[in-house]
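Visitor: I have a model open and some time to go through it. Can you walk me around?

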Amino acid sequence: MSEPPVQAVILAAGEGRRLTPLTNRRPKPMIPVANKPLLEYVVEAVAAAGVDQITLVVGYNQERIRNHFADGDDWGVTITYAEQATQLGTGHAVLQAESAVDDPFVVLNGDRIVEPAIIERVAAAVRGGTSPTMAVTTVETPREYGVITGAGDTVTTIEEKPDGPVETNQINAGIYGFSPAFFETIRTTHTNGELTLTAALNEYARDEGKITSVTYTGQWLDVSNLWDLLTVNAGLIETTATADAEAAERADREHVADDVVIADSVRTGPNVTIGGNTAIGRNVTIESNAVVENAIIFPDTVIGAGAVIRDAVVASNVRIGPNVTVDGPAAQMVVEDTVHHDIELGGVIGDNTTIGAGATLTTGAVVGDDVEADAGVTIDSRIAAGTTVRRG
C-alpha cells in the first residue's frame, strides 16, 4: 500500500501589529525581504520539500496574498485558501483549514523562514503515522518563544514566553505534522485565543504521553519586531542571493557591494554607494551621491541626492529629500511594554510618506504612513500616520 500524500497548511492570516506601520497596508507575511515577500520563501520551501498541495489560511488584507499567489501554478503547487475572518490564534487558524485537508498535513507559519529539509522530515514522520510531530530548534533568546521540555525525541511540555528561569534554549520551531484527527484535539482544548495550539499539544502530551520531536539545526529566520527584518534580509541575501552584476553595470553603479539584491527598473545617479545587506525594490530611484547600507527599500521610492540611509526599512512610494540622514547609534526600544536594548535600527518609514531635505531620523525612529516631515526636522521617536512634522 502506498503511503498517503501530505498536504501543507500555512498560517498567513495575521496582521503583525508590532510591525506597524509596514503592516497598515499589507499582512505581515507579505512584507518583502531580499525583494520577495516572507510568505514566498515559505511556499518555495514547501514546494522544494515535495509537498504540492497547500492551503493558505488568510485573513487580514488577504487580497494581497490571493493576488500574489493565485492558484500556485507559478510555484508548481496547487494553492487553496481558507479564511480566518477574525484572528483568534493559531489553533483557530488551523481549524479553518479542516475542510480542505483530507490527509496527514504539515503546519507552518507564513512569516518564519526554514529550509525544505525540515519540512521533508516532519512530512515523512506524519506520513508514517507519527502524529503529532513538531520541529525543535535552539535560539539565543528562548524566553521570546515556546520553550520545550522533554527527553530524547519526546516533547513533554511547551511553555510560551516564560516569565521564570529558563534552563534550556530549545524552542518550538513552529513546524508541525498532524493527522486529520488532531483537528478534534484542537477543537476540544479548554483554551481559547493565541495559545490554543500550544494548549492542545500540552493536553495531548499529558493525556497521550508522547509528542515526537524532530531536531532542526538549519536556517530559522523569525520576524517578531521591526529590526528583525534587517537581520532576516541579511540572512537571506547571504544564503540565496548575489549582486546583480549585469544590472549594476547597465546602471553604471560603481559602488555596489556583493551582498546586495537589486530589482528591475532601479535608477541610480552618479557616485551612489549601495552597501552590504541591502535590498532595493522595483522602480526605486536613488539620486547622486546617496548612500544606502543595511537597508530594505520597498518599490516605487525615491531617495534624494546626498541622502544617507543606514540600518533602515523604507516602505513604498516614499519621497526622501536631498541630504536626509536615517542612521544612529544602537538604541533602546519599547514594544508592547517590553524594553529591548541595543537595537541597531536607524529608522522605519511608512508608505506614502515624504521626508523633507536635510531631515534626520535617528535612534530607531518610526514614521507612520502618509506623514509630511518638513525640511531640517529631527525625528527620534514614533510619529503617527497622517501627521505633519514641523520644524521647531
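Guide: The largest pocket holds about 1,500 Å³ of space. Its lining has 40 residues, and the closest to the centre are Arg18, Lys28, Thr90, Lys161 and Glu194. Keep in mind that this is a predicted model.

Visitor: Which elements supply at least two residues of that lining?
Guide: There are strands S1 (7–12), S11 (170–178) and S26 (338–343), plus helices H3 (90–95) and H6 (196–208).

Visitor: How do the lining residues of the largest pocket divide into nonpolar, polar and charged?
Guide: The lining of the largest pocket has 12 nonpolar, 15 polar and 13 charged residues.

Visitor: And how much space lies in the second largest pocket?
Guide: About 650 Å³. That second largest pocket is lined by 27 residues, with Thr141, Tyr145, Asp222, Asp228 and Thr231 closest to its centre.

Visitor: Which elements give it two or more residues?
Guide: Strand S8 (133–138), strand S13 (220–222) and helix H7 (228–240) do. H7 has the largest share of the lining, 5 residues.

Visitor: What about residue classes in the second largest pocket?
Guide: By class, its lining has 9 nonpolar, 12 polar and 6 charged residues.

Visitor: Back to H6. What span should its 13 residues have?
Guide: At 1.5 Å a residue, H6 should span 18 Å. The C-alpha atoms at its ends are 17 Å apart, so the two values agree.

Visitor: Which H6 residues are buried?
Guide: They are Thr196, Leu197, Thr198, Ala199, Ala200, Leu201, Glu203, Tyr204 and Ala205.

Visitor: What covers them?
Guide: The cover for the buried residues of H6 includes H3, strand S10 (154–160), S11, helix H5 (182–187) and strand S12 (211–215).

Visitor: What comes just after H6?
Guide: Glycine 209, with a positive phi of about 90 degrees.

Visitor: Pick leucine 201. Why does it count as buried?
Guide: Because its relative accessibility is 1%, and buried means under 20%.

Visitor: What does leucine 201 touch, leaving out residues up to four places away in sequence?
Guide: Leucine 201 touches Pro132, Ile158, Tyr176, Phe178, Phe182 and Ile211. Take proline 132: it is 69 residues from leucine 201 in sequence, yet the C-alpha atoms are 8.0 Å apart.

Visitor: Where does proline 132 lie?
Guide: In the loop between helix H4 (116–127) and S8. The peptide bond from serine 131 to proline 132 is cis, with omega near -5 degrees.

Visitor: What joins threonine 20 and proline 21?
Guide: Another cis peptide bond, with omega about 10 degrees. Proline 21 is in the loop between S1 and strand S2 (32–33).

Visitor: Where is aspartate 300?
Guide: Aspartate 300 lies in the loop between strand S20 (291–297) and strand S21 (302–303). Its relative accessible area is 36%, so aspartate 300 is partly exposed.

Visitor: And what is phi of threonine 363?
Guide: Near 45 degrees, again a positive value in a residue other than glycine. Threonine 363 sits in the loop between strand S29 (360–361) and strand S30 (365–367). With a relative accessible area of 27%, threonine 363 is partly exposed.

Definitions and conventions: Residues numbered from 1 in each chain as written. Predicted model: local features only at pLDDT ≥ 70, side-chain atom pairs only at ≥ 80, totals over all residues. Heavy atoms only, no water. 1 Å grid on protein atoms, 1.4 Å probe; cavity = no way out; pocket = protein on both sides within 12 Å on 5 of 7 lines; lining within 4 Å. Points joined across faces, edges and corners; volume = space filled by probe spheres on them. Helix = DSSP H or I, 4+ residues; strand = E, 2+ residues; numbered from the N terminus. Nonpolar A, V, L, I, M, F, W, Y, C, P; charged D, E, K, R; others polar. Expected span 1.5 Å × (residues − 1). Buried < 20%, exposed > 50% of the residue type's maximum accessible area, 1.4 Å probe, protein only. Contact = heavy atoms within 4.5 Å.
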